[in-house]
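Please look through the sequence and the model below before reading on.

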Amino acid sequence: MTISGPRVAGGGSSRRVGRPRDGRVDRAVVAATVALLVEGGGVDSLSIDDIAARAGVGKASIYRRWPNKHALLNSVVADLPEVVPDLTGVGVPDGLRRVCVSLLVSARDEEVGRLLPALAGLGRADPELLERYLSVAAGGRRRLLRQLLERGVGTGEIRDDVDPVDAAGLIVRSILGYGLLATAGDQDTVDDFLDLVLRGLRPRCPGSL
């Protein structure tokens, strides 16, 4: 049985009701939201009025797409990019370091990092949105860290009392947070920080990492 769309009064052929959504408006609103957050206003001071003015659209256009600011922020977070390093043939110690460096680069140079200061305060006010941000912006690398840690526990390169899931999440949060404070000229400090993280994962008895 074929299901047809809504029919026009008078028995005419079926047609779609309403106009298709203009993707340009969606992109303009998301870009305006990101720009306002990056400029330092923060989530609390962000308003639909400011977003509409910045995007050059009416508030009604925004509310037709997102019922509230929280829904809009979820869309912004969902569009964040993530670059996951290729660790083919890479050992556990070098793999951990590469993922950590990748997270530092994100925190300092990419759209992910530019939004982090504005979203960092959501931990208490909106933990679900912050977790979504971390999942989208660093979820692939968190999985890589977990896999590396699991492999390292199996080979004896990582302490056997390390929980790979908890440790991977802690590393992601620590590295992204540290990346907000580090600058491009802090390479020695960055290396020291990475060494400290990796040293804490070593087996308690003399071993390799």
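Two residues are in contact when heavy atoms of theirs lie within 4.5 Å of each other. With that in mind, in this predicted model, residues 24 or more positions apart account for 67% of the contacts in the protein chain that have a separation of 6 or more. The protein chain contains 11 helices and zero strands, and 40% of its 209 residues count as buried.

| Helix | Residues |
|---|---|
| H1 | 23–38 |
| H3 | 48–55 |
| H4 | 59–65 |
| H5 | 69–78 |
| H9 | 127–155 |

**H1 and H3**

The axes of H1 and H3 come within 8 Å and cross at roughly 115°, and the crossing in which H1 passes H3 is right-handed. On the H1 side, the residues that take part are Ala28, Val29, Ala32, Thr33, Ala35 and Leu36, and these meet Asp50, Ile51, Arg54 and Ala55 of H3. Sorted by class, this contact consists of seven nonpolar residues, one polar residue and two charged residues.

**The buried side of H3**

Which residues of H3 are buried? They are Ile48, Ile51, Ala52 and Ala55. These residues lie on the same side of H3 because they cover an arc of only 100° around the axis. The cover over the buried residues of H3 includes H1, H4 and H5. After H3 comes Gly56, which has a positive phi near 75°.

In an unreviewed entry, UniProt lists residues 47–66 as "DNA-binding region", an annotation that may be inferred rather than shown by experiment. In the model, this span is 75% helix and 0% strand, and its end C-alpha atoms lie 13 Å apart.

**Arg141 in H9**

Arg141 is found in helix H9. Is this residue buried or exposed? A residue counts as buried when its relative accessible area is under 20%, and Arg141 is therefore buried, since its relative accessibility is 0%. Leaving aside residues up to four places away in sequence, Arg141 touches Glu82, Val83, Val84, Pro85, Val99, Ser102, Leu103 and Ser106.

Definitions and conventions: Residues are numbered from 1 along each chain as its sequence is written. This is a predicted model: local features need pLDDT of at least 70, side-chain atom pairs count only at pLDDT 80 or more; totals for chains, interfaces and linings use all residues. Side-chain values use heavy atoms; hydrogens and water are left out. Axes are lines fitted to C-alpha atoms, for helices over the stretch in contact, and angles run from 0 to 180 degrees between N-to-C directions. Helices (H or I, at least four residues) and strands (E, at least two) are DSSP runs, numbered from the N terminus. A crossing is left-handed if the near helix is turned anticlockwise from the far one by less than a right angle, and right-handed if clockwise. Ala, Val, Leu, Ile, Met, Phe, Trp, Tyr, Cys and Pro count as nonpolar, Asp, Glu, Lys and Arg as charged, and the others, Gly among them, as polar. Buried means under 20% relative accessible area, exposed over 50%, partly exposed in between (1.4 Å probe, protein chains only). The arc is that of the directions from the helix axis to the C-beta atoms.
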